[in-house]
Structure formats: C-alpha cells, structure tokens
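Good morning, and thank you for making the time.

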Amino acid sequence: MEFLYEYGLFLAKAVTVVAAIGAILIMIFAGAARGKGDKGELTLTNITEELDHLKTHLKHELLDKKAFKAYEKAQKAEAKEAEKQDTPKPRTFVLDFKGSIDAHEVASLREEISAILTIAEKGDEVLINVESGGGMVHGYGLAASQLDRLRQAEIPLTACIDKVAASGGYMMACVANHIYAAPFAIVGSIGVVAQLPNFNRLLKKHDIDYEQHTAGDFKRTLTLFGENTEEGRQKFREELEETHQLFKAFVSKYRPELDLDKVATGEHWYGQQALDLGLVDSISTSDDLMLTAAKDRTLIKLRYQPRKKLADKLAHSAALTVSTFFGKLAEKNKPLP
C-alpha cells in the first residue's frame with residue numbers, strides 16, 4: 001500500500017508538470033500569434049533624468065530640510081529659465097555593444113543606428129561603449145560598417161573602451177571620431193588568427209576512410225578530416241595575410257596617423273600604452289564621460305531587443321519549470337535532522 005501511495009503521489013506530480021508545460025506552450029503560441037510580424041522592441045532610457053533623480057534623492061538624504069528646500073527652489077528656477085529660453089539641450093545617444101565571437105549583436109546595432117539616423121538633428125552625437133575581444137571577420141566588418149553610417153551622416157561618434165576592444169572590437173572602435181579607454185582596458189590586437197584540429201591520422205589509425213570532393217583547386221584549403229597538403233597550407237596562409245592587409249587598410253582609413261608597422265603586429269596594449277601609441281585619444285571611463293556630458297546634454301540610451309524565437313522561449317520555460325519541480329521535490333524529500 002505504501003508503494004502504491006508513493007507511486008500515485010509521483011504520478012500526480014508528473015501530471016502536474018505536464019499540465020504546466022502544456023499551459024506554457026499555449027501561452028507561448030498565443031503570444032507568438034499576437035506578435036507575428038513584430039521584429040523586436042526599441043527602448044529609450046533618458047539617462048540625464050535618471051542622474052537628476054539620483055542627485056535629488058541624495059540631496060534629500062544628506063541635506064537638512066532648510067538646505068534641501070533651497071536646493072529645490074534653485075532647481076525650479078533653473079527649470080523655468082530653461083523653459084523661457086526654449087532651447088532644448090543637444091542629445092547624446094548612448095549605445096552598448098558587447099560582442100560575441102560571431103558578432104550576432106550587429107542585428108540589434110543596425111536597428112539602433114537606423115533609429116538614430118531617423119531622428120538625429122544638428123548637434124546630436126553618439127557614444128558607443130564597445131566591449132569585445134573580436135571574432136569572425138565578416139561579422140565585425142558589418143558592425144564597423146554600421147558605425148560608418150553615422151560617420152557618413154556627419155554625426156559625431158565617440159567610442160569608449162572600458163574593458164576590451166581587441167581585433168574586431170578595435171575594428172569597430174577605430175571608426176569613431178574620438179576614442180576613450182580606461183587605464184587598464186585592453187586595446188589593439190590588429191591581426192588575424194585561424195586554427196583548426198586535424199583528425200586524419202586518428203581516422204587512419206582506426207581504418208576509417210574520408211572522402212571530400214570539390215570543384216576548384218582551392219574550394220577547400222585545410223580540412224578537419226582529410227590529409228592537408230603543403231599547397232593548401234600555403235594558400236590558407238596567403239588568405240590570412242590578405243585579410244590582415246585589409247584590416248590594416250581599414251584602420252589606416254580612420255586613423256591615418258598610426259604607425260601600422262608598430263601597432264598592427266597582433267599585439268594588444270593597455271589603455272595608457274594605447275594612448276602613447278595613438279590607438280586611443282584619451283583616458284577615461286564611460287561613466288565619467290556620461291556624467292560630464294549630462295551637464296550640458298540630454299543622454300538617451302537606445303537598446304533594441306530582438307523578439308525571442310519560439311524555440312528559445314519554449315526551451316527556457318520548460319527548463320525553468322522542470323528545475324522548479326525537481327527543486328521542490330528534493331526539498332520535500334529531504335530527511336529531517
């Protein structure tokens with residue numbers, strides 16, 4: 001009887017989990033149906049207002065009542081004067097780019113830049129915080145080209161490197177009119193690298209044949225499973241060198257004063273060293289830049305969030321449900337001390 005009771009309890013819990021997953025599926029499908037055709041969502045955050053609210057809150061906490069009332073009075077007078085002058089502050093649009101190996105974040109970046117180009121007025125600027133150690137050439141090439149759209153539209157662009165902008169990350173940063181870097185930010189790595197394992201000897205050892213058929217002498221240069229030739233290796237090295245030359249030409253276009261023979265060796269440097277080499281223009285963090293800019297400008301952060309795919313939503317919801325279920329089950333079955 002005890003076995004039947006335990007089995008029935010387990011069955012009831014399992015049915016509950018299945019029902020919960022089913023309900024989640026229904027909600028996801030319903031949401032997908034309602035949002036069909038919606039690519040994503042663009043959110044705007046007024047950083048200047050957030051900083052003003054923070055300042056007011058701190059003043060309220062630190063000043064006595066009399067001093068705080070005087071501060072509020074001065075703020076209201078300043079606001080009225082600004083209304084009379086009817087001269088809105090110029091805007092700085094703030095973007096964040098935290099890049100992965102394949103630079104898929106460029107999909108959001110292109111939407112954000114398109115939005116800026118739609119609404120930008122004379123006097124507006126763009127500040128982008130770049131954080132990336134680089135990755136695929138075509139992905140970061142497209143990301144840099146997106147930033148070049150701002151240059152072509154003559155919208156001043158500032159790049160800030162708080163942590164790292166190396167290789168493809170620096171390819172993006174160098175497009176900016178002015179580059180800031182934190183003292184110990186990693187900058188540079190103007191080079192190209194490619195590596196892959198080869199399992200040909202392992203396959204031969206186990207008497208496994210591998211065939212690869214191509215049309216064109218260099219459709220494939222190096223392979224994972226076939227036997228690589230010296231001719232293929234040489235062609236592969238030539239392609240890497242060609243890519244490096246393109247990279248150097250791209251950097252030179254935006255920063256012609258650089259000594260490429262000195263900085264395009266694939267090495268990276270810290271912020272202060274990068275300043276001495278001309279890879280960046282000033283030493284600062286993005287926080288200091290925004291605090292300074294907020295005194296005279298309206299800072300607006302743009303963030304485009306792509307709509308998650310149904311499979312991603314389903315996987316996340318199912319994982320969360322199962323994790324919660326087994327967590328509660330383990331808690332209930334925990335032996336008493």
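Let me begin with a convention: two strands are said to pair if DSSP finds at least two bridges between them. Helices (H or I, at least four residues) and strands (E, at least two) are DSSP runs, numbered from the N terminus. This is a predicted model, in which local features need pLDDT of at least 70 and side-chain atom pairs count only at pLDDT 80 or more, while totals for chains, interfaces and linings use all residues. Residues are numbered from 1 along each chain as its sequence is written, and side-chain values use heavy atoms, with hydrogens and water left out.

Let us walk across the strands. S1 pairs with S10 in the antiparallel sense over 7 bridges, and Thr45 has Lys301 in S10 as its bridge partner. S10 also pairs with S2, in the parallel sense and over 4 bridges; there, Arg91 is partnered by Thr298 of S10. Further along, S3 and strand S4 (residues 157–161) are parallel, with 4 bridges, and Asn129 stands opposite Cys160 in S4. S4 is joined in turn to S6 by 4 bridges, again running parallel, with Ile161 facing its bridge partner Ala181 in S6. Finally, S6 and S9 form a parallel pair over 2 bridges, where Ala181 is opposite Ile283 of S9.

Which residues of strand S6 form its covered face, and which its uncovered one? Ile179 and Ala181 are on the covered face of S6 (residues 178–181), whereas His178 and Tyr180 are on the uncovered one.

Next, the packing. As a general remark, nonpolar side chains in soluble globular proteins tend to be buried together. A residue is buried when its relative accessible area is under 20%, exposed when over 50%, and partly exposed in between (1.4 Å probe, protein chains only). In this protein of 337 residues, 33% are buried. A nonpolar core is a set of buried Ala, Val, Leu, Ile, Met, Phe, Trp, Tyr and Cys residues joined through side-chain atoms within 4.5 Å. The largest such core has 48 residues, and the members touching the most others are Leu109, Ile128, Ile161, Tyr170, Val187 and Leu279. A second, separate core has 9 residues, among them Ile47, Cys160, Ala294 and Leu299.

Contact means heavy atoms within 4.5 Å. Beyond its neighbours within four places in sequence, Leu109 contacts residues including Leu95, Phe97, Ile128 and Met172.

Phe97 brings us to the aromatic rings. Rings of Phe, Tyr and Trp (its six-membered ring) pair if their centres lie within 6.5 Å; planes under 30 degrees apart count as stacked, over 60 as edge-to-face and the rest as tilted. There are 4 aromatic pairs in the structure. Phe97 and Tyr140 make an edge-to-face pair, 6.3 Å centre to centre with 75 degrees between the planes. Because Phe97 belongs to strand S2 (residues 91–98) and Tyr140 to helix H5 (residues 137–152), this pair ties together parts 43 residues apart in sequence. Both residues, Phe97 and Tyr140, are buried.

My last point is a loop. Where does Gly133 lie? Gly133 is found between strand S3 (125–131) and H5. Its C-alpha is 6.9 Å from that of Gly168, although the two glycines are 35 residues apart in sequence.
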